[in-house]
Amino acid sequence: MPPLPLPDPELADDTIRLRAPTVADVPAITEACQDPDIQRFTFVPVPYGEDDARDWVAGAPARAAAGQQLSLVIADAGDRPKLLGTAGLLRPDWTQRTIEIGYWVAPWARGRAIAVRAVKLLAPWALRTLDLARVACDVDVDNAASRQVAQRAGFVAEDVPLAPIVVKGRTWNLVSYSLRPEHVAS
């Protein structure tokens with residue numbers, strides 16, 4: 001598999017920037033991942049401890065080099081490097097030229113369209129830079145906030161519901177959204 005490069009230059013707007021995670025992010029990641037919604041609607045381990053955050057940060061370069069996952073931190077765009085959430089690209093299918101996008105926003109950063117901004121930066125970059133035909137966003141049907149993020153970021157709901165999956169002992173019914181090159185203004 002080809003590696004997943006870090007965006008260079010960093011992806012940013014006037015509010016956020018997407019950057020590689022660092023050890024300094026571990027306390028904030030650990031704190032954010034105590035949130036019941038992050039634990040319910042993402043694949044983070046439960047319970048989530050500091051070792052989980054350290055492993056995620058430490059493993060990010062190897063996952064990207066192996067072409068498995070690009071893990072990024074959503075941070076304030078200004079001089080304050082405060083972590084607001086994470087965004088990433090995962091589960092690439094290079095034959096079909098598709099990849100999935102995932103994200104979560106820390107409880108202290110919600111209500112500011114942080115995830116929408118991150119997805120609007122990362123997904124079009126992935127389409128262009130990785131020469132993809134599609135970026136998918138698969139969301140639990142019960143996660144209304146994440147479904148709204150996908151829609152506000154320009155993703156189109158696909159008519160075919162995905163087969164349920166079982167994660168953390170719970171059945172997830174997923175709806176898939178996609179962003180294709182023709183959905184992105186040039």
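This report describes the fold, packing and surface of one predicted protein model.

## Basis of the model

Residues are numbered from 1 along each chain as its sequence is written, and side-chain values use heavy atoms, with hydrogens and water left out. Because the model is predicted, local features need pLDDT of at least 70 and side-chain atom pairs count only at pLDDT 80 or more, whereas totals for chains, interfaces and linings use all residues.

## Overall form

The protein chain contains five helices and 10 strands (DSSP runs numbered from the N terminus: helices are H or I with at least four residues, strands are E with at least two). Its C-alpha atoms fill a box of roughly 40 × 40 × 35 Å along the principal axes.

Eight strands form an open sheet with mixed pairing, in the order β1-β2-β3-β4-β5-β6-β10-β7 (two strands pair if DSSP finds at least two bridges between them). Strands β1 (11–12) and β7 (156–157) stand at the edges with a single partner strand each, so one side of each has no neighbour in the sheet.

Strands β6 (residues 134–140) and β10 (residues 174–179) run antiparallel and are joined by six bridges. Within this pairing, V135 lies opposite L179 of β10.

## Contacts

Of the contacts (heavy atoms within 4.5 Å) between residues at least 6 apart in sequence, 66% join residues at least 24 apart.
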